[in-house]
Amino acid sequence: MTPSAPLRILVVEDEVLIALELEFLLGDLGYTTVGVAGSSQEAIALGRDTAPDVAFVDIHLIDGPTGVAVARALSENPHTTVVFMTANAKRIPDDFAGALGVIAKPYSERVVAGALRYIAEARAGHAPTLDGLDGFRLAPGPDRAGPPH
Amino acid sequence: MVLTDPHLPDNPIVWVNDAFLKLTGYGRDEIVGRNCRMFQGAETNAADVARVRAAVAAEESIEVELVNYRKDGSWFWNGMTIAPVRDETGRVRHFYAAQADMTGKHSLEVAMKHANIDLERRVEEQTADLRAALEQKTALLHEVDHRVKNNLQVISSLMLLKARRTQQADAREALNGMAERIGALSTVHRMLYSTGDVSRFNLQEFAGDFVSDLVAGIEGDRTEVSARIDSIAVSAAMAAPLALMMHELTTNAVRHAFPDNRPGRVTITATRCPDGLRMLIEDDGVGLSAGIPNPGGFGRSLVEMVVRQLRGVIRWDETSPGTRVEITVPLDAISLQDVAMKTDPAPLPHRPMQ
């Protein structure tokens, strides 16, 4: 993939309306949604099939609070940057299950756009800033900006 | 009282008074000539008996409490003072023992001990109950918080989805407007529960986030929005109406004060004042009378309703150029609880559009 190609994003979200609107928003922002998964099984299978650049993962899925396990599975692929997108950030374990950070629900379009800009720059090996992105919080610990490529 | 003679075999009792006979239920002839161990029994503490024996052997006096038995087999706490009685040469002639029935005192002690243990157990039980209740309450609060946030996200997605599929510009704008209002309320909710203090909310923090969202949403770079908000803690009950009011007035100014790509600026100021909270929304746009008639005037009537709800006062002024809206609302008791919170003005940096 060339650095200028739009990020390919997997949406793991059990609320169909939220997922659909998010898909539109990602399209508006110039990104590609490679798939939407509502359950952990679906999410892990789609992750394997599509090898997305970014995965937005809700904690509560159709089969329960399985988003943490999904994040862990998806971030096994060093190519994929996982970001939680949840109203339940308290459920995220201390190590963030390999995720880069979390976008708090309810999110604004600005925060989603800003987080993706941050991720794109981090993946490109730059050092982006989080200025003004109150709704996006990084995992603690050393630089986990994702794989440079 | 009892006297014993250590010079006779086994240190027997040689004299006893009537009180002792009454206490133990024995007759004098049943006691005299026998050793004091006749009063001991199963419940008598062997270590205490050993101490008595050691004191007698050492010819020292001792105070001790022993369980003794009466003739009828019942027991009592015998508080004894035993002392050697010496003759003029210093030789021990007798041992003298004075007794007192300490059973009352002992049962009181035992009762106190039991009562204490019982109280401790009850306190522990209640603490555990309270802790469980608190945990349950916290879990419930998280659950409700999570659901509210999720529902706000769903509602906002619904509005935006419908807006995308709506052809008529008016209707689409109305739906987007509602989505934005929901967004403002969402920001309040997110901030209210993220700080750990669910009863209060910092207006300054909200304004920072809100202005960023607003600026990100307007096209072009002719409108500059800046906010100067004191760090003011307001109660959760006031947070939503205040946020809605700030959103409505600022959005109105941005949307309607600058037609035909007219450049300008919008300033939001909020300060503590003697009457409570004073908020100013100023723009240097075309002014109220010259502005495009507000569709239904919904924004303005919404603001007036909210101000009424907060028991505040609102003034609309033409400042030629522009409009100035001044709102004063009294702060409620919960908001005022925290006057100590830094009230010095900490202006937000200018956030001009790029």
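Modeller: Helices and strands are here taken as DSSP runs, a strand having at least two residues, and are numbered from the N terminus. The model is a predicted one. The structure holds 33 salt bridges over all chains, and one of them is formed by B:Arg164 with A:Glu21, whose closest N and O atoms are 3.0 Å apart. Because B:Arg164 lies in helix α4 (residues 103-164) of chain B and A:Glu21 in helix α1 (residues 16-28) of chain A, this pair joins two chains. B:Arg164 is partly exposed at 30% relative accessibility, whereas A:Glu21, with a relative accessible area of 4%, is buried.

Within chain A, the side chains of A:Arg123 and A:Asp53 meet in a salt bridge at 3.4 Å, N to O. That pair links distant parts of the chain, with A:Arg123 in helix α4 (residues 109-123) and A:Asp53 in the loop between α2 (40-50) and β3 (54-57), 70 residues apart. Both A:Arg123 and A:Asp53 are buried.

In chain B, a salt bridge of 3.3 Å, N to O, brings together the side chains of B:Glu326 and B:Arg324. B:Glu326 counts as buried because its relative accessibility is 17%, the cut-off being under 20%. Salt bridges with shared partners join B:Arg324 and B:Glu326 into one network with B:Arg278, B:Glu282, B:Arg315 and B:Asp317.

One of the strands, β5 (residues 92-101), contains B:Tyr96, which is partly exposed at 31% relative accessible area.

Methods: Residues numbered from 1 in each chain as written. Chains lettered and ligands numbered in written order. Predicted model: local features only at pLDDT ≥ 70, side-chain atom pairs only at ≥ 80, totals over all residues. Heavy atoms only, no water. Helix = DSSP H or I, 4+ residues; strand = E, 2+ residues; numbered from the N terminus. Buried < 20%, exposed > 50% of the residue type's maximum accessible area, 1.4 Å probe, protein only. Salt bridge = Lys/Arg side-chain N within 4 Å of Asp/Glu carboxyl O.
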